[in-house]
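The following exercises treat a protein chain and its predicted model.

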Amino acid sequence: MELSEKGGVENNGFVQNEAFDDKETDTSSQEEMPKPCAVDVDPVAEEDTVLKPYAGMPKEVLLKFSSQARYRITREILFWLIIAAAAALVCATIAIIALSPKCLDWWQAGPVYQIYPRSFKDSNMDGNGDLKGIQEKLDHITYLNIKTIWITSFFKSPLKDLGYGAEDFYDVDPIFGSMSDFDNLIAAIHDRGLKVIMDLIPNHTSDKHRWFQLSRNRTGKYTDYYIWQDCMEAAGSVIPPNNWVSVFGNSSWQFDDVRKQCYFHQFGKEQPDLNFRNLDVQQEIHDIIKFWLNKGIDGFSFSTVKFLLEATHLRDEPQVNKSQNGETITAYSQLYHDYTTTQVGMHDIIRSFRQTMNEFSREPGRYRFMGAGDDEKEDIEATMTYYGTTFIQEADFPFNFNLMNMKNLSGNSIFEAVDSWMKNMPVGKWPNWAVGSPNAARISSRIGKEYVNVMNMLLLTLPGTPVTYYGEEIGMEDIVSENVTFPEKSPMQWDGQVNAGFTEGNSSWLPVNSNYESVNVEIQRTWSNSTLNLYRELSQLRNNELPINRGWMCYLWNDSNVFVYVRELDGLDRTFMMVLNFGQESTIDLKAIVPNLPSEAVIRLSTNFSNAGKAVSTKLIKTEMGEGLVLEYKTAKPVHTMEAFQGKCFVAEKACYSMALNLLYMNC
């Protein structure tokens, strides 16, 4: 190795040395050039100077090491490990999705709260409930842990039939507010994470509807929008085309002085039936559905759909009593309605409604619910047809009135009402239950106020969607008055002030029940043992506990007094057992009925709040009249796996629980 050696004046580069500069730049100088000198370097020391990897090395140096085997192999191992981990993660995700059960939709996940708007809350002091009033009371809905509101008909209407005969399907009746009020209500409901469904009765309109006015004058396409037939006149009276009788009694044909024909009405004469054999009429209803879905409605309840079509041959319907003089038939119950209900093609129309709604269900999280059907009472098979078929979807569920149609109350009658629905429901469909409606007496008035709490306990612990009619959460009663036509529609009782807090006006459209000072929302919020707080606890239990939310239901016992069933989930050792008394005081030994039961169970909830948390012996469970118990126990042997209870257990959306992974899966 050679180094240059140079003599001269030292300069550190801070101040230029002029003498040095001049000397160095003088080309005529005879000074000798620096001489090279040799330095010996030890070869071993030269080997020690070989470079090693270091932080911040430049690319050129890095490339020298990256090709070495020890670095290349390590890099390849890490690469393939990452690929394998990513593939395993993708496969695990696919497996979880494939094995996971269908999540419950919003209309399955919680109770539905049905509101009759004219009786819920008055916001403008005119004595009539309205849409703004509903908006004012949304906090009450969320307090009950309810996620879905069902608002009954609020279309513009003469209100002669309580709004069920629409004068304009595209407008809100002024008594309930304006379309702007509706838009604000929808926005407020959705802002709280709630859903809303509304009534739609497509069978008929009001006789004030524009379509009817055009039809009676034979104007264009509207000529056949309704069902018209020639009538015969004799001695100043009209002779109808046949013996068909309306639901409200007397002939279902009404003569029109303008058109000089009779029009058909299944209900009141102010409610002419639409002609659904006319495709233009069907399209009108589809347009109405689209209008309200575009407004933000999350679903519809279609009512009176079994009346959509009538036989075209117009034959007389068969008499129940064949010996009765046909001219004396005036009541609906005196005929078999073979030609005016559930005609061929009716379900096709309902399915077409479903198809229109499905067009609005494509957006994730915006499924549009459809409820349909009528109270078929004794014909449970006819009711089940509204579910549709395995391949053709119809309603998400037909409304279940079994618990309201019972002729007497007992543990046996409750069992029969529940079992009738569950054993006839098609496989894979979802049940629903209601204990009150705008067309039935309230629980307190129908079966007794001592059974209100146990009926709510039944409603909220059965599998499926519970439907609560406003006021049942506080145990409201029908109005007792000879002058009141609709006692079950009395104003909601909010507090103990004048008119129960329903209105600040001088009066309400129906009188408030006289018990409002002791039966109201405000006072029951302060009572730990109130009907309101029990309802709230039950709805919260239903939302939080998987066995009650979507598990199996198995009947254990029923007699004249009690109905006992369990709710359980595969893979979960926690089971809930409901012991509900619908008769007199009763004592039952459930250990004898189910030997595998543990000797004790803990009271999770009771209609008597002071009993919560207590342990009871399964050999001796005592209940008072109208008392209900939700018992909790642990077991490794679920009832639905026992041979003795096969055929007594049902599940709608089957799911299994993995305690190790804390998730649900399908294949148990």
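**Exercise 1. Identify the residues of the largest nonpolar core that touch the most other members.**

Step 1. A nonpolar core is a set of buried Ala, Val, Leu, Ile, Met, Phe, Trp, Tyr and Cys residues joined through side-chain atoms within 4.5 Å. Buried means under 20% relative accessible area, exposed over 50%, and partly exposed in between (1.4 Å probe, protein chains only).

Step 2. The largest core has 133 residues, and Trp-292, Phe-300, Phe-302, Val-418 and Leu-458 touch the most other members. Helix H14 (residues 452-461) supplies the largest share of this core, seven residues; helices (H or I, at least four residues) and strands (E, at least two) are DSSP runs, numbered from the N terminus.

Step 3. Another core, of 23 residues, lies apart from it and includes Leu-556 and Cys-649.

The model is predicted: local features need pLDDT of at least 70, side-chain atom pairs count only at pLDDT 80 or more, and totals for chains, interfaces and linings use all residues. Residues are numbered from 1 along each chain as its sequence is written, and side-chain values use heavy atoms, with hydrogens and water left out.

**Exercise 2. Determine where the side chains of Asp-419 and Lys-423 lie and how they meet.**

Step 1. Side chains of opposite charge can pair when their charged atoms come close. A salt bridge is a side-chain nitrogen of Lys or Arg within 4 Å of a carboxyl oxygen of Asp or Glu. By this rule the count comes to 19 salt bridges.

Step 2. Asp-419 and Lys-423 form one of them, at 3.8 Å from N to O. Both residues belong to helix H12 (residues 411-424), four residues apart, about one turn of the helix.

Step 3. Asp-419 counts as buried because its relative accessible area is 12%, whereas Lys-423 counts as exposed at 57% relative accessibility.

**Exercise 3. Explain which parts of the chain the pair Glu-632 and Arg-604 ties together.**

Step 1. The side chains of Glu-632 and Arg-604 meet in a salt bridge of 2.9 Å, N to O.

Step 2. Glu-632 lies in strand S25 (residues 628-634) and Arg-604 in strand S22 (residues 600-606), so the pair links parts that are 28 residues apart in sequence.

Step 3. Arg-604 is partly exposed, with a relative accessible area of 32%. Through shared partners, salt bridges join Glu-545, Arg-574, Arg-604 and Glu-632 into one network.
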